[in-house]
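The following note sets out points for a colleague who is reading this structure.

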Amino acid sequence: MLKACVLALGGVFLAQSGLAQDAPGDPEAGRKLAGQCRTCHGIDGFAKIPIAPHIGGENPAYITHQLTAFREGTRVHEMMSVVAKTLDDTAIANLAAWYSSQTPVAALSARQSPENAPEGCVACHGVDGIAQIEDAPNLAGETTMYIDTQLKAFRTGKRSHDIMTGIAAEMTNAEIRAVAEWYAAIDFKVIPAQ
Amino acid sequence: MKHLLSSIAALALMAGLGHAQGANVPDNLEKLSNFQSTGVTDFTFIEQSGAYADGIKKTLEGITLPAGFKIGLYAVVPDARHMAVGPQGVVTFVGTRKDKVWSVTDRNKDRVADEVKDFAPSLRFSIPNGPCFSKDGFLYIAEQNRVLLFPAAEFFYESPDVAAFNLVAQGDLIPAEQESFNHTARVCDIGPDGKIYISLGQPFNVAPKENLDLNTKWGIGGIIRMNTDGTGREVYTYGVRNSVGQDFHPETGDLWWTDNQVDGMGDDIPPGELNHQTEAGQHFGHPWYGGGSVRTHEYAGEEVPVDVVMPAVETVAHAADLGMTFYTGKMFPAKYKNAIFSAQHGSWNRTDPVGARVMVTHIAEDGTATMEPFAEGWIDENGEYLGRPVDVAQLRDGSLLVSDDLAGAIYRIWYEGN
């Protein structure tokens, strides 16, 4: 699994060059738009309900990609597909700017030791669940069931990604659960932007 | 106790049959099913006093109720969802949409819980939202894609190792490829017929056409029932979008249940629903109807191929009516006898939030039902949620428990107007 991730990384760095052209959003305008996000994701991106991921301090490229995918229908979720339909490119850029302007803080919990981190994931998602590359989400402190659900979605093809589809395809339910529990156990908070 | 142990033994034999499959190394469920120790000894305990509890108490000062009623903090319970009060009044089990089930104990009987700890910590739960009890003390927990049963849970829960068995084994509740996280907060109840009734939300905003045959077959977007030995599964209710609350009328035995309706059609449509089911196999309209008599865009103009039962009460659009219970206690004034207490979780993307309150529904002689607010004040002046009620349950003394998964708490409502 580790090998799959490392091999795939080359592709990511190439793909990222295309993202640099995305116009930077306006975080202040994004904060106003985030009124419709806060019941689930929190105004600073610290999630309020288990089914929603923490998005405070996420890379703006990742947020932009996901919102665009929900809007285009290439990623489907019964709530997010409804919301994203109403967002144009500027709104998405502004939301990405607002949530990425928050500061994510992650620390292994007392019962975790770094050598037990899931080796196939750390190159992109970090030992502590803070993303190492642009197009990966932070996983620190997400609920076990959120990560479990996403990995299974990659495995069944409900969600697709150049790297994750291949990685998830080789994972058993038990391996998925173990990875999810690792990242869910990490202490995570968001320091709100001023 | 002797009777209890012999029924457990019978159950163990029965459950053992369906259980032999699997790897050479037994997992913890298999060990518990064979009354073996898992070696797990640690509970997670939740602090019940301090600044966090004080913050919740402060919120409760702003909650309004009819004259004579009071509300107080009963327990701090992270992610608290649906509740099952033990038939002996020893313990209340509380589900979550994460991976824990909490046991809540009021040891000194001052009607405030003294101890909150995780239940069966050796087991890996997946969205164990729905606990329910049979009258004879069997606890059932409906998860994403499994239903476990725990004989004599009120007795065994004090130990990390409990007796645990599959009622519906992992992967047998729905086809694995239909699993989702959203719309997977299952609830269960034991009906007057002794069968277990389990809600199965369908995972989409509006169920897509290509899923309808599969949904009908499995009871996805429905309520299923089965015998408490796992046999005789059948679909009891069709045409549900995502029901997260149900109870049986104490006198008629009819099943009443709430349903959450379609998003993205506007702030004020379609209405939410409280439904009254009078016989097996009735259809309640989804996906042709998005809530009440409002037709969905996806199926607009199509002939509805089934007879549809319309809701008993159309509720405020997007308020998210969830858990409910019929009131059978003696504490409250007589007009609340057999009334429904239910929770509105609150809207998630409506321009101005609505809900986040406890409702009461009175059912008249002719069967007409009228719903009105009972406890409210969890939305502040800035439109921010201070709490989001999920479920209502009744304690043996006739007071009510209300769970809240945003505050991570259980409240108690009692009457002292006499």
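1. In chain B, B:I223 stands opposite B:T237, a residue of strand 13. The model discussed here is a predicted one. Strand 12 (residues 222-226) and strand 13 (residues 234-238) of chain B run antiparallel and are joined by three bridges. Strands of a sheet pair through backbone hydrogen bonds, in either a parallel or an antiparallel manner.

2. Is B:G323 buried or exposed? There are 29 other C-beta atoms within 10 Å of B:G323, and because the threshold for a buried residue is 20 or more, B:G323 is classed as buried.

3. The surroundings of B:G323 can be listed by residue. Apart from its neighbours within four places in sequence, B:G323 is in contact with B:H82, B:V244, B:G245, B:S342, B:A343, B:V390, B:D391 and B:V392. For one of these, B:V392, the C-alpha atom is separated from that of B:G323 by 6.0 Å, although the two residues are 69 residues apart along the chain.

4. One joins B:I269 and B:P270, with omega about -10°; B:P270 is placed in the loop between strand 15 (255-259) and strand 16 (272-277) of chain B. Another runs from B:H286 to B:P287, with omega near 10°. B:P287 is placed in the loop between strand 17 (282-283) and strand 18 (289-291) of chain B.

5. Positive phi values also call for comment. B:F35 is not a glycine, yet its phi is positive, at about 60°. Where is B:F35 found? The residue is in the loop between helix 2 (28-33) and helix 3 (51-60) of chain B. With 13 other C-beta atoms within 10 Å, B:F35 is partly exposed.

6. B:N338, a residue other than glycine, likewise has a positive phi, near 60°. B:N338 lies in the loop between strand 21 and strand 22 (340-344) of chain B. Its 13 C-beta neighbours inside 10 Å make B:N338 count as partly exposed.

7. Chain A may be described by its elements. What does chain A contain? There are 10 helices and two strands, and from the N terminus on they run α-α-α-α-α-α-β-α-α-α-α-β. Chain A has 194 residues, of which 46% count as buried. Of the contacts in chain A with a separation of 6 or more, 71% are accounted for by residues 24 or more positions apart.

Conventions. Residues are numbered from 1 along each chain as its sequence is written. Chains are lettered from A and ligands numbered from 1 in the order in which they are written. This is a predicted model: local features need pLDDT of at least 70, side-chain atom pairs count only at pLDDT 80 or more; totals for chains, interfaces and linings use all residues. Helices (H or I, at least four residues) and strands (E, at least two) are DSSP runs, numbered from the N terminus. A residue is buried if 20 or more other C-beta atoms lie within 10 Å of its own, exposed if 12 or fewer, and partly exposed in between; C-beta atoms are placed from the backbone. Two residues are in contact if their C-beta atoms, placed from the backbone, lie within 7 Å. Two strands pair if DSSP finds at least two bridges between them.
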